[in-house]
Amino acid sequence: MSDLDGYIWYDGKLVPWRNATTHVLTHSLHYGLAVFEGVRAYNTDIGTAIFRLQDHTRRLFNSAHIYQMKIPYDQAAINQAQVDVVRENKLESCYIRPLVFYGSEKMGVSPKGATVHVAIAAWSWGAYLGQEALEQGIRVKVSSYARQHVNVTMPRAKVASTYANSILANAEALDHGYDEAILLDTEGFVAEGSGENIFIVRDGVLCEPEIASALTGITRSTIHTIAADLGIPVQTKRLTRDDLYIADEAFFSGTAAEVTPIREIDGRVIGAGSRGPVTAKIQQAFFDIANGRNAKYHHWLTKV
Ligand SMILES: Cc1[nH+]cc(COP(=O)(O)O)c(CN[C@@H](CCC(=O)O)C(=O)O)c1O
């Protein structure tokens, strides 16, 4: 991942990768309050372009607003900074990581008085769960750890502290020989993956869990648009873990995961145990859009 000779945008300047450092007393490192985004640029038919850049930046600002962090730049500047990072690193396609965090000027629970810093890195990142996963599908475990209650960590924010929960769930899945975890909410209904939203297909209908305790994924909203284009009905409802077991198809959606089919959950084979036909259609439509092959969605692409 690390292009050690690359550049990172850091508080308004492009600095060499190895100089983009912070102090060990950085407040966010100790107390877990940093907000971030995961964004992808694709080598599209119209050149390198960042996918849904404005939506990701809006969510970054919403996340900061929820946690009362004041980003010292406006959204246009952060959009431009992401374009500059991709261009400066000469990346044709890549993953972009904007991060907003509190500095080391203040210790103690309250960050008041600490500087709000912004860093934006970009690196080449292929299929998040492996190229084979995109074709064959992955094996997933329902975690023994619940997703945080909606009044514990704020679900509309992409905040670093949420991911200690994700790390536990993902580690448990890997330790048990699976590829990824699904988390249930505190009432036992399906929430999301450790870093993804989840969809299932039942009798030709695309179903997703109520979004309550899950991140409002941008890829999830792209899937909604694709489903509408393909005439596939979408249902949002409370899903139980055994709803997943008897699904005809299942897949994860996310910027990193893109559209990753799920072929088995907790030892139950899903459908035919491979990427399902509806999943394949949605996945193809997603990659056509992200790679600029569908002119109807060129407005979602910001050329670098
Ligand atoms: C918990 C969670 N839920 C859903 C999503 C899907 O959201 P969206 O990317 O807007 O469709 C992500 C993105 N996970 C990011 C972080 C992955 C990582 O390992 O870091 C991502 O996909 O970039 C999550 O982290």
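The shell around the ligand holds six nonpolar, nine polar and six charged residues. Ala, Val, Leu, Ile, Met, Phe, Trp, Tyr, Cys and Pro count as nonpolar; Asp, Glu, Lys and Arg as charged; the others, Gly among them, as polar. This is a predicted model, where local features need pLDDT of at least 70, side-chain atom pairs count only at pLDDT 80 or more, and totals for chains, interfaces and linings use all residues. Numbering runs from 1 along each chain as its sequence is written, and side-chain values use heavy atoms, with hydrogens and water left out.

In total, 21 residues surround the ligand (a heavy atom within 4 Å). The closest are Tyr95, Tyr128, Tyr163, Glu192 and Thr219.

The protein covers 93% of the 550 Å² of accessible area that the ligand has on its own (Shrake-Rupley method, 1.4 Å probe). Elements giving two or more residues to the shell are β6 (94-102), α6 (218-230) and β14 (249-254).

The chain has eight helices and 17 strands. These are DSSP runs: H or I of at least four residues for helices, E of at least two for strands. The C-alpha trace spans about 55 × 45 × 30 Å along its principal axes. Buried residues (under 20% relative accessible area, 1.4 Å probe, protein chains only) make up 52% of the 304 residues.

Conventions. Buried < 20%, exposed > 50% of the residue type's maximum accessible area, 1.4 Å probe, protein only.
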